[in-house]
Amino acid sequence: IPPTLRDRLRNLQMFDMDNNRLTGTLPANLFRERTTIVDVDTNLLEGPLVGLANAPNLVHFSVYGNRMTGPLPSEAFAAMTKLETLYVDGNQFTGSIGQNVCGLLAPAGSLENLIVDCNIDRPSED
């Protein structure tokens, strides 16, 4: 995601760039208070998830099928009371999603779709 584009995303509400062979990291300034949808699945993105706490109004967040690493920011997800969809599978995240994320699951919360499986670093088969 080019830096020139990132600087112009001040009023971003929806970022849907799935299956575009995007490389690099997901920039922290992509996440804004007005952002409701971030869908970048099936790309070549890597690195940790940073900046999610700046997007408390996210409804849909999907990064499955990338090369992302590091811990899942469960505190940031737990603060997203409108979150309906969370897809983070097919990456190399570490740690757990935390009980506070599970508290968002419907019917008590708004989270209706949660996929976190296969977030492991698989050994190479030599």
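These legends go with a set of close-up views of the predicted model above.

The model is predicted, so local features need pLDDT of at least 70 and side-chain atom pairs count only at pLDDT 80 or more, while totals for chains, interfaces and linings use all residues. Residues are numbered from 1 along each chain as its sequence is written, and side-chain values use heavy atoms, with hydrogens and water left out.

**View 1. The whole chain, before zooming in.**
The chain has three helices and nine strands; helices (H or I, at least four residues) and strands (E, at least two) are DSSP runs, numbered from the N terminus. Going along the sequence, they follow the pattern α-β-β-β-β-β-β-α-β-β-α-β. Of the 126 residues, 38% are buried, where buried means under 20% relative accessible area, exposed means over 50%, and partly exposed is in between (1.4 Å probe, protein chains only). Take the contacts between residues at least 6 apart in sequence: 44% of them join residues at least 24 apart. A contact here means heavy atoms within 4.5 Å.

**View 2. The five-stranded sheet.**
Here the strands run in the order β1-β3-β5-β7-β9, in an open sheet with parallel pairing. Two strands pair if DSSP finds at least two bridges between them. At the edges sit β1 (14–16) and β9 (113–115), each pairing on one side only. From one strand to the next, the twist averages 10°; axes are lines fitted to C-alpha atoms, for helices over the stretch in contact, and angles run from 0 to 180 degrees between N-to-C directions. Zoom in on β5 (residues 60–62) and β7 (residues 85–87), and you'll find three bridges joining these parallel strands. Phe 61 has Leu 86 in β7 as its bridge partner.

Start with β2 and β4, a parallel pair with two bridges, in which Gly 24 stands opposite Leu 45. Next, β4 (residues 44–47) and β6 (residues 67–71) pair in parallel, again over two bridges, with Gly 47 opposite Met 68. Finally, three bridges link β6 to the parallel strand β8 (residues 92–94); here Gly 70 is partnered by Phe 93.

**View 3. Phe 61 and its surroundings.**
Leaving aside neighbours within four places in sequence, Phe 61 is in contact with Phe 31, Val 38, Leu 49, Leu 52, Phe 77, Leu 83, Thr 85, Leu 86, Tyr 87 and Val 88. The largest nonpolar core has 29 residues, and those touching the most other members are Leu 26, Phe 31, Leu 49, Leu 52, Leu 58, Phe 61 and Phe 77. Such a core is a set of buried Ala, Val, Leu, Ile, Met, Phe, Trp, Tyr and Cys residues joined through side-chain atoms within 4.5 Å.

**View 4. The aromatic pairs.**
There are three aromatic pairs in the structure; rings of Phe, Tyr and Trp (its six-membered ring) pair if their centres lie within 6.5 Å, with planes under 30 degrees apart counted as stacked, over 60 as edge-to-face and the rest as tilted. One of them is the tilted pair of Phe 61 and Phe 77, at 5.9 Å centre to centre and 50° between the planes. Phe 61 is in strand β5 and Phe 77 in helix α2, so this pair ties together parts 16 residues apart in sequence. Phe 77 is buried, at 2% relative accessible area. Tyr 64 and Tyr 87 are edge-to-face because their ring planes are at 75°, with the centres 6.2 Å apart. That pair links Tyr 64, in the loop between β5 and β6, to Tyr 87 in strand β7, 23 residues apart. Tyr 64 is partly exposed, at 32%. Ring pairs also link Phe 31, Phe 61 and Phe 77 into a cluster.

**View 5. Ala 78 in its helix.**
Ala 78 belongs to helix α2 (residues 74–78) and is partly exposed, with a relative accessible area of 22%. Beyond its neighbours within four places in sequence, Ala 78 is in contact with Asn 100, Val 101 and Leu 104. The C-alpha atoms of Ala 78 and Gly 98 are separated by 8.9 Å, with the two residues 20 apart along the chain.
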